[in-house]
Amino acid sequence: MARVIAIQNSFTSGELDPKLIARDDVKAYDAGLTTALNVVVLPQGGVKRRPGLEYITELGGSPEDGIRLVAFEFNTSDAYLLAFTNLRMYVIKNGVLQTNIAGSGNDYLTTTITSAMLSEMCWVQSADTLIVTQEDMIPKKITRTSDTAWTIVDVTFTFNPQHAFTLTVEDTSAAGTLTPSGTEGKIDITTQHAYWTDPDDIGSYVNIIGGTQFGRAKIVDIESTTKAQAIVEIPFFGTTAIANADWEHETGYEDTFSVSRGYPRTATFHQGRLFFGGSKSRPSTIFASRVNAFFDFNPGEGLDDDAFVATLDTNQLNTITDVLSANYLQIFTTGGEFFAPQDFSDPLTPSNFIAKLQSSHGSKENIRVQNISGSTIYIQRQGKALNEYIYDRGGDGYLTSQISLLSSHLLNTPIDMSIRKATSTDEGDRLLVVNNDGTCAVYTLLRDQNIVAGTQFTTDGSFLNVGTVVDDQYVAVKRTINSVDKYYIELFNEAFTVDSGLAGGAASSVASGHLNQKTIKVIGDGVMQADVTGGASSITFASATSTSYQVGLDYTVTIKTLPIEPSIQGYASLRGFKKRVLEVNAFLNETQNLTINGNTIPIRTFGTNNLDVGIPEFTGTKTLHGILGFSLTGQITIGQSAPLKLHLLGMDYKVSTGG
């Protein structure tokens, strides 16, 4: 039998996939955990209780059929969360629901966006306007005038991109010869006999197919039955009359965006253009508007500021899932990841646009990609991996790497994600991925230090959707209240240690029925009070508070170490040997409550002035002796018996091993 001391002074690997439990040879094992539930990993190496959720409002408008949270940031002082449900849009600013929207007397804006459209919604913002797309819906333009003044209208296209879904070559024998007035640019095209009688001829093409001539031109206007104006796309050889048998009229072109053909799928602004990524009928096509004319998709003469259309042609289907304006235009599809290369001194134009395939992982539909610190994060098509798409200057292209390799088990059919950028050196970027089972996979990212630490968030209910407004991260949550499903908007708040919480000052109750018949934790003046049951219209405390209260739902915190594998001379492995933990030293920072292997560790020490005062925040070392029982793993489980602060910096523990 031997005694060893195990030390874990970092948790920056987060919760590791159970398939890695035998891989103590992997460097991440030393900083990993078996379970990291409802905690966040800090860049310095410690873990702390996740922020609680502050209750904001209940949603109406058939939220059970779909919710979508969208950030709208007008300026540094005016930033909003827009919460969409069936035919409604709620507006939340600084954690407060705005009321009397557009002078309607309602606390929501009436829209034409149905529940069926919400999961496939895409959006992009410019100044005070939000453009919303979905392939079965005319794009919407939502405009803000003030906190409560919002409007929504259908987008009107100055020029709708044209496409020949059914191409027809018309009989031109009755038209006689055709004479172009020039060989390039904008020209007149004259026929020998009356021919241009159909207004739909605008947008059609004339092709030279024989004789000594060659060329192609697009009809842009009709002047008379014998004369049309055209833009030359392939230069003509000359201006002599072309025999009837040597030219053809190509028709069948129609609006790409329409009720019958569908509408754009995704959108972004890039270099003064509005880019639509895919449409219902052309899912692999990029549509770029004219410069500074966002709803004009007229290709004109193909000048640098004219609109253009390009299709991603590879040997597989590339349905566009998202487009992103970064250092280059990035295009994500179900089949691969593309970008549009360009010289930084030259903008994208009709003549230089090309989409280059960089990797073939594919991205999951209906989950917006997230850009952070120069890299783009996306969910792989099958929903089982979190990938990073980052520019490689040496290779002059993009590389894709799987950053969730060690913790992909936390991803369970993802349905939404959003990232909160770090606001100080005490935290990393926090990526929340909402799973279909109501949990959240949460990744603390510090890419310059190669930190990707996965944990899991749960709550009394189900997470449904997430949205980040500057540094505020909101979630839509379904909770069962008095046997009825309720749908709430709640805000992660570092000052809260409970979920669906409310806070205030001196009081004996709080007017709210949102937790009716739920068991509620009450923290009054910094002291845990007896649990109470929520009422239909209020929550009454066991004791009145004089300075502060916080009430809400508890959530379970679990930090469980990986099986100990100490290095002992003469033993290749101790996996088959029983182990007993003799002593644990937990290094804490500003902690109020802690359990070790189910044993409550006292934070408050005996002395004077200890009664009826708030629980102190302890910083230092707490030791637990005499833990009973042998096991084959020798693991330590850190938890809590009350919803108070916990910040574990690290720990060491003595382990006895033997046969």
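Are Phe-308 and Phe-353 buried or exposed? Phe-308 is buried, and Phe-353 is buried as well; buried stands for under 20% relative accessible area, exposed for over 50%, and partly exposed for what lies in between (1.4 Å probe, protein chains only).

## Basis of the model

The model is predicted: local features need pLDDT of at least 70, side-chain atom pairs count only at pLDDT 80 or more, and totals for chains, interfaces and linings use all residues. Residues are numbered from 1 along each chain as its sequence is written, and side-chain values use heavy atoms, with hydrogens and water left out.

## Overall features

The protein chain contains 1 helix and 55 strands. These are DSSP runs numbered from the N terminus (helices: H or I, at least four residues; strands: E, at least two). The C-alpha trace spans about 110 × 70 × 40 Å along its principal axes. Of the 659 residues, 53% count as buried.

Among contacts with a separation of 6 or more, 60% involve residues 24 or more positions apart; a contact means heavy atoms within 4.5 Å. The accessible surface is about 27500 Å², and carbon and sulfur atoms make up 48% of that surface, with areas taken from the Shrake-Rupley method with a 1.4 Å probe.

## Nonpolar cores

A nonpolar core is a set of buried Ala, Val, Leu, Ile, Met, Phe, Trp, Tyr and Cys residues joined through side-chain atoms within 4.5 Å. The largest one has 30 residues, and Ile-596, Ile-638 and Tyr-653 have the most contacts inside it. At least two residues of this core come from each of β1 (2-8), β3 (32-37), β4 (39-41), β38 (451-457), β50 (578-591) and β55 (647-658).

Beyond its neighbours within four places in sequence, Tyr-653 is in contact with residues including Val-4, Ile-5, Ala-6, Thr-561, Ile-564 and Val-581. Another core lies apart from the largest one; this core has 20 residues, among them Phe-72, Met-121, Trp-123 and Leu-130.

## Aromatic pairs

The structure holds 30 aromatic pairs. Rings of Phe, Tyr and Trp (its six-membered ring) pair if their centres lie within 6.5 Å; planes under 30 degrees apart count as stacked, over 60 as edge-to-face and the rest as tilted. Tyr-195 and Trp-196 form an edge-to-face pair, with 5.0 Å from centre to centre and 80 degrees between the planes. Tyr-195 and Trp-196 are both buried.

The ring centres of Phe-308 and Phe-353 are 5.1 Å apart and the planes stand at 40 degrees, so this pair is tilted. Because Phe-308 is in strand β26 (residues 308-311) and Phe-353 is in the loop between β29 (337-340) and β30 (356-359), the pair ties together parts 45 residues apart in sequence. Ring pairs also link Tyr-328, Phe-332, Phe-339, Tyr-378, Tyr-389, Tyr-391 and Tyr-398 into a cluster.

## Loop residues

Most residues other than glycine have a negative phi. Ser-62, which is not a glycine, has a positive phi of about 55 degrees. Ser-62 belongs to the loop between β6 (52-58) and β7 (68-73) and is partly exposed, with a relative accessible area of 28%. Thr-413 likewise has a positive phi, near 55 degrees. Thr-413 sits in the loop between β34 (397-402) and β35 (414-420) and is partly exposed at 43% relative accessible area.

Pro-283 is in the loop between β24 (273-279) and β25 (285-288). Pro-283 is partly exposed, with a relative accessible area of 23%. Leaving out residues up to four places away in sequence, Pro-283 touches Arg-265, Gly-278, Asn-318, Thr-319 and Ile-320.
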